[in-house]
Amino acid sequence: MMNYFPDEVLEHVFDFVTSHRDRNAVSLVCKLWYRVERYSRQRVFIGNCYAISPERLIARFPGVKSLTLKGKPHFADFNLVPQDWGGYVQPWIEALARSRIGLEELRLKRMVVSDESLDVLSRSFTNFKSLVLVSCEGFTTDGLAAIAANCRFLRELDLQENEIEEKKNHWLGCFPDSCTSLVSLNFACLKEINLAALERLVARNPNLKSLKLNRAVPLEALQRILMRAPQLVDLGTGSFVLDRDSDDSETYRKLRTTILKCRSIRNLSGFLEVAPHCLPAIYPICVNLTYLNLSYAAGIHGSELIKLIRLCGKLQRLWILDCIGDKGLEIVASTCKDLQELRVFPSDPFGAGHDAVTETGLVAISSGCPKLNSLLYFCQQMTNAALIAVAKNCPNFIRFRLCILDPTKPDPVTMQPLDEGFGAIVQSSKRLRRLSLSGLLTDRVFLYIGMYAEQLEMLSIAFAGESDKGMLYVLNGCKKLRKLEIRDSPFGDMALLRDVGKYETMRSLWMSSCDVTLGGCKTLAKKMPRLNVEIINENDQMEFAPEDSQKVEKMYLYRTLVGPRKDAPEFVWTLV
Amino acid sequence: MLLLGTLLMGITSEQHSSASSIDSSCNPSAAAGTSSSSFCAPIQSNNSTRFDLSTDLRLGLSISSSYYNDLFPTPTTTTREQPLSWPPIRSILRSAHLDKALDQKQAFLFIKIYMEGIPIGRKLNLFAQDGYDSLMTTIAHMFPTTILCPGADRVHSDKYHVLTYEDKEGDWMMVGDVPWEMFLNNVKRLKITRADRC
């Protein structure tokens, strides 16, 4: 019957189908649906910028308005991918600019962005509204100046954890006086800012809902900004420090009064520098908070932290440092009954770990917060008993990432590997999509993962397993696996080559410091022409007549429709 | 105890007891040429078998966090080629906390300092010092001797002393060879030793 509806009707129905996966599924039904879907698609997500080319994107989706692109592999976050590996956005922006696509939104993650790219972007799309850059690099504040100056209808400029070279150019002042459309501005990753320009910008943008400041914005300026923007929903403070002398008590008093008026704030972050005695100024808004991110606030600990947490009864997401301790987590468990996401970061990654969390804190959280579905937990140690208890208390995990700081530490009570504990987690959380393992682990944990983790899409493995069987359990069992990243584990060619077709069902596979050899990788590349099998060869270990039997230090393979990339640096070899 | 010592130090020494199968080529400060890993892996490099924990577990030893700290010592001020990749946190978070820990005005690092021949020691707040010069000046006010700086001509006499420290591995080292931040991260205690003993 659907064939007798005009295309407009189909299109209208498809408007209600918003997720990328659902739209992809719609496009596979028949040629008619493929055609209608592609012309009406506005939002496109490309998880690996090397899997497809900009030209093919434009050819298929001429109406695209919002593009998300991801570049480097995830382990690039941890310094495992060398500089100049790739992930350049320039060819994408050039192609989109040439084609007269009406781009309005660009979201990039782990890509290399140049000032020239930002300049071309700012000049080529008259309706450009939103730029989100996460963990990107390669540009300076000159590029930001171009965006500010040229994007007349800019609504969102969100810079998350990028490496940006800062020039003396006061880019924020490049926003023209006519710019009054900003809704979201985040420059927390910068070191400097022009305060006067910032205050004027906030004053003329009454729709600003999300504002994340950097370290260079002192408390006095924060107070003035909040006076202008009491409608904020999302606030990232900059520096939250006042000296204890009497001159500043006036500033503190003004801040308290101003904050009382900011009744809409639901998300609070920042505190890049903080003096604990200033914290009571934010107590009045704690009761409304649903998201609190204190992962950069190393200056708050112990009793001040606990006082703060006790006021945040409605928290759904909490990002915190491990100096909260197990006792602090018990307070979280008794206060934050709606907690869904918890991230506990290491405050002293290189230290002896005096302030840290253990399995005790995690068990307390799981008992007090049954809605918990997303966890990132850096800890000193973990036990099987604790994991089994957590699995029982919280059967709804979607993301479960555990990082024991000593990567091969067994259960300290029983001295056993943590296979049973993780096994309990995957068995109980049937909707688990993302898992990171750590601690002493044998092949058995992978047997459990292969058996139970039916929805698993992303798995991160470090220092785990005993033999190829481990990796095979995962590849055979996890039907929905999309991303697999493995480091320092004894998996070799036998596991790699057993089911070569599997990799075309996945986005990518990363293996570093494992047992795969050059010969194994070559065999795989030969059998699977639609995979790019890339070897990263940093230390010239393979310079002189590399032998097939030699182990490969870093391998990254991914499915692609466009063959070997042409921008690979000399230390990246694409095997064919 | 010997094996534990080997565990803690075996990563930097070439020889190790035959009871353990630690990969001796793991040295975070060695340039490429030993391990082809981009950082120090406690488990394996390209050429060796996997680290066998069973011996150590039988001996009742566990790989403690001090082992981990020896493998992944101070970060940004080292001259190693490769930045750290463990624990898996982003560089931005890593460096934010390192800076925080070091210029925390409220924080302190009190360590014991003894002078040879004097049984009662003193305590000294290292975070209150700006660097080696400041440290030497402070110590000069606390103890009745002249401390020779590293690099000065060694005078073998009981009138002069040198400043040494015990590091996380339990070794006694001369103060002043490594960058200040690295020293702060590794020092456990100080001792003023006679110059003719060094």
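**Entry 1**

The axes of α13(A) and helix α14 (residues 359-368) of chain A come within 8 Å and cross at roughly 5 degrees. An axis here is a line fitted to C-alpha atoms, for helices over the stretch in contact, and angles run from 0 to 180 degrees between N-to-C directions. Helices (H or I, at least four residues) and strands (E, at least two) are DSSP runs, numbered from the N terminus.

The model is predicted: local features need pLDDT of at least 70 and side-chain atom pairs pLDDT 80 or more, while totals for chains, interfaces and linings use all residues. Residues are numbered from 1 along each chain as its sequence is written, chains are lettered from A and ligands numbered from 1 in the order in which they are written, and side-chain values use heavy atoms, with hydrogens and water left out.

I then listed who touches whom, with contact meaning heavy atoms within 4.5 Å. From α13(A) the contact takes Asp326(A), Leu329(A), Glu330(A), Val332(A) and Ala333(A), and from α14(A) it takes Thr360(A), Gly361(A), Leu362(A), Ala364(A), Ile365(A) and Gly368(A). By class, the contact of α13(A) with α14(A) has six nonpolar, three polar and two charged residues. In this scheme Ala, Val, Leu, Ile, Met, Phe, Trp, Tyr, Cys and Pro count as nonpolar, Asp, Glu, Lys and Arg as charged, and the others, Gly among them, as polar.

Next I looked at α12 (residues 302-310) of chain A, whose axis comes within 9 Å of that of α13 (residues 325-335) of chain A, with a crossing angle of roughly 10 degrees. That makes α12(A) roughly parallel to α13(A). Ile306(A), Ile309(A) and Arg310(A) of α12(A) meet Gly328(A), Ile331(A), Val332(A) and Thr335(A) of α13(A). I count four nonpolar, two polar and one charged residues in the contact of α12(A) with α13(A).

**Entry 1. Helix α3, chain A**

I checked which residues of α3 (residues 31-40) of chain A are buried, and found Leu32(A), Trp33(A), Val36(A), Glu37(A), Arg38(A) and Ser40(A). Buried means under 20% relative accessible area, exposed over 50%, and partly exposed in between (1.4 Å probe, protein chains only). The buried residues of α3(A) pack against α1 (7-14), α2 (20-27) and α4 (54-60) of chain A.

**Entry 2. Strand β1, chain B**

I followed the pairing next (two strands pair if DSSP finds at least two bridges between them). β1(B) pairs with β2 (residues 118-125) of chain B in the antiparallel sense over five bridges, and Ile113(B) stands opposite Arg122(B) in β2(B). The two strands form a hairpin with two residues between them, and Gly117(B) in the turn has a positive phi of about 95 degrees. With β6 (residues 189-194) of chain B, β1(B) pairs in the parallel sense over four bridges. The bridge partner of Tyr114(B) in β6(B) is Lys191(B).

**Entry 3. Aromatic pairs**

I found 21 aromatic pairs over all chains. Rings of Phe, Tyr and Trp (its six-membered ring) pair if their centres lie within 6.5 Å; planes under 30 degrees apart count as stacked, over 60 as edge-to-face and the rest as tilted.

The pair of Trp319(A) and Phe345(A) is tilted, because the planes stand at 55 degrees, with the ring centres 6.1 Å apart. Trp319(A) lies in β15 (residues 317-321) and Phe345(A) in β16 (residues 341-345) of chain A, 26 residues apart. Trp319(A) is buried at 16% relative accessible area, and Phe345(A) is buried at 9%.

I also looked up Tyr556(A) and Tyr558(A), a tilted pair with centres 5.4 Å apart and planes at 45 degrees. Both are buried. The aromatic cluster that holds them also includes Tyr50(A), Phe75(A), Phe78(A), Trp85(A) and Trp510(A).

Most residues other than glycine have a negative phi, and most peptide bonds are trans. I noted a cis peptide bond between Trp86(B) and Pro87(B), with omega about -5 degrees. Phi of Ser513(A) is positive, near 50 degrees, and Ser513(A) is buried at 5% relative accessibility.

Key
Angles under 35 degrees count as roughly parallel, over 145 as roughly antiparallel, 65 to 115 as roughly perpendicular and the rest as oblique.
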